Amino acid sequence: MSFNFDLVIKNGIVVTASDETACDIGVINGKIAILGVGLPVPEGCKVIDAVGGFPGGVDSHVHVAQSASKAAGARSSDDWTTATRSALGGGTTTIIAFAVQNRGESMLQAVADYHELATGNALCDYSFHVIVTDPSEAAMHNELPTLVQDGITSVKIYSTYPALKLSDLQILELMFAARQYGVTVMIHAENSDMIEFMTRSLEKQGKTEPWHHGTSRPPIVESEATHRALALSEFMDCPALFVHVSAPEAMKTIRDSQTRGMSIYGETCPHYLLLDGSAMRGKGFEGAKACCAPPLRNNPEDKERIWEGVANGTFTVISSDHAPTNWDDPQGKQLGLTKNPGKNPLGNFRNIPNGLPGVETRPPLLWSEGVCKGRISRTKFVELISTNAAKLYGMYPQKGTIQPGSDADFIIWRPESQRKPVTLTVSNLHSACDYTPYEGLQLEDWPRMTILRGKVVYDDRDDSVLLAVPNGEGEFLKRGKSTLPGPRNRWLSEWRPDYVTEAEAEEK
């Protein structure tokens, strides 16, 4: 049997979420054609001696050309070109960004607007979640089914931020529709009223320095909102993913629901594994660089509790929550100094745009701090940075694994004996953001190579490879529905949604 391979990856240990296998990978037209030992190399075929081949990273929580503080005048430091170039530079070949529905406007129009921004500009493959701010009858039962048909099968909701938050009734209405149409619900869980009360009180007391961002959002703010949203999810029998979990108390609530058999999923981020609240106490106003929501937690032991959740399966995915604004920019973190009614020389945390850059550093951080330091296995690494996100968001097995028929997306890592320690610094990254919260951190290694649909798009020996990737190389992914466990058909009373059939209602 002969194969007209475009690419053969030789001598590799192929690592997936379930197995490690010594074999070669044959690629034809951007797809994995075969896994085998001693694959022939036809004339003109590119050969890569891989040693270690892993599925390309899937980052399912990335904010591109979008800022949560837009109303205050903030702007994202990344556009679709710089953000996706940065993703490839760290081993991520697929991102899912957010299309924001403004109140009173159409979800379909929001998606069309974001398509216009991304089309012809993305370097890696991509899709969208829709941030829903107005779950009207028309939005939920006319537009949502259309989005599903168009390959957008996930939405995100907020319980905080005035321009974004939904009431409990609105959340129930959205979950009612999401369950009906097979849409994955992502939840940003923080108690908005607690935050507003604390922020007003701190402002009256003159306590507005960057670290008081954390003071205004103690762990109970997250754990209360998580518990409440879980109750709504159980009431509606609607699966949900809790994004960027930072508080061990919230993590425990999620774990308890999973133990009871609920289809509940957790996401955390590298900054909650590696940083703590002391980062917000940097020199002068430097702490603004570490302001994100939920905040970095003050108790250093909380990081170890989050690592425990990574190891024991509480967390389904690790995403970056890439949400960059520049430090040295009047429309970036400096807004905390210029919009400062109390004239505190260290600024006002209320007006510091929330968010950290991180799409490029996510895989290397988890590899170095997780795999290389023995916290997680290589298969667990794949599960967390690629496979589970592909399954949860309807891209598997096109993305998230190495098997015949899958896209030929790979991260190539060095073997342990050849690892190349690096010092993280913003000057070596590819985002347009002017800082990294991990400046100076020593990493055990960095990806040797990133391959997108059979093409080498990053080579750590030659940065010109990445810089030469053309705008528009990335393709929009039309996604299906989640393949992880869904509704259980378990109800808390005699009530059932009117779309549940009698047979389904009788299932136990």
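## Two helices in contact

Which residues in α2 meet which residues in α3? From α2 come Met107, Leu108 and Val111. Across from these, α3 brings Ala139, Met140, Glu143, Leu144, Thr146 and Leu147. This is a predicted model.

Helix α2 spans residues 107-118, and helix α3 spans residues 137-149. Their axes come within 9 Å. The crossing angle is roughly 35°. By class, the contact of α2 with α3 has seven nonpolar residues, one polar and one charged.

## The nonpolar cores

The largest nonpolar core holds 129 residues. Which of them touch the most other members? They are Trp80, Ile95, Leu144, Ile187, Phe242, Leu366 and Phe381. Helix α4, residues 168-181, gives this core its largest share: eight residues. Another core lies apart from the largest one. This other core has 15 residues, including Ala408, Phe410, Ile412 and Ile451.

Now take Phe242. Leaving aside residues up to four places away in sequence, Phe242 touches Ile187, Ala189, Thr226, Ala229 and Leu230, among others. Its contacts also include Ile254, Ile264, Tyr265, Gly266 and Glu267.

How much space lies in the second largest pocket? The volume is about 280 Å³. The pocket is lined by 13 residues. Closest to its centre are Val422, Asn428, Trp446, Tyr458 and Asp460.

Methods
Residues numbered from 1 in each chain as written. Predicted model: local features only at pLDDT ≥ 70, side-chain atom pairs only at ≥ 80, totals over all residues. Heavy atoms only, no water. Core = buried A, V, L, I, M, F, W, Y, C linked by side-chain atoms within 4.5 Å. Buried < 20%, exposed > 50% of the residue type's maximum accessible area, 1.4 Å probe, protein only. Helix = DSSP H or I, 4+ residues; strand = E, 2+ residues; numbered from the N terminus. Contact = heavy atoms within 4.5 Å. 1 Å grid on protein atoms, 1.4 Å probe; cavity = no way out; pocket = protein on both sides within 12 Å on 5 of 7 lines; lining within 4 Å. Points joined across faces, edges and corners; volume = space filled by probe spheres on them. Axes fitted to C-alpha atoms, helices over the stretch in contact; angles between N-to-C directions. Nonpolar A, V, L, I, M, F, W, Y, C, P; charged D, E, K, R; others polar.
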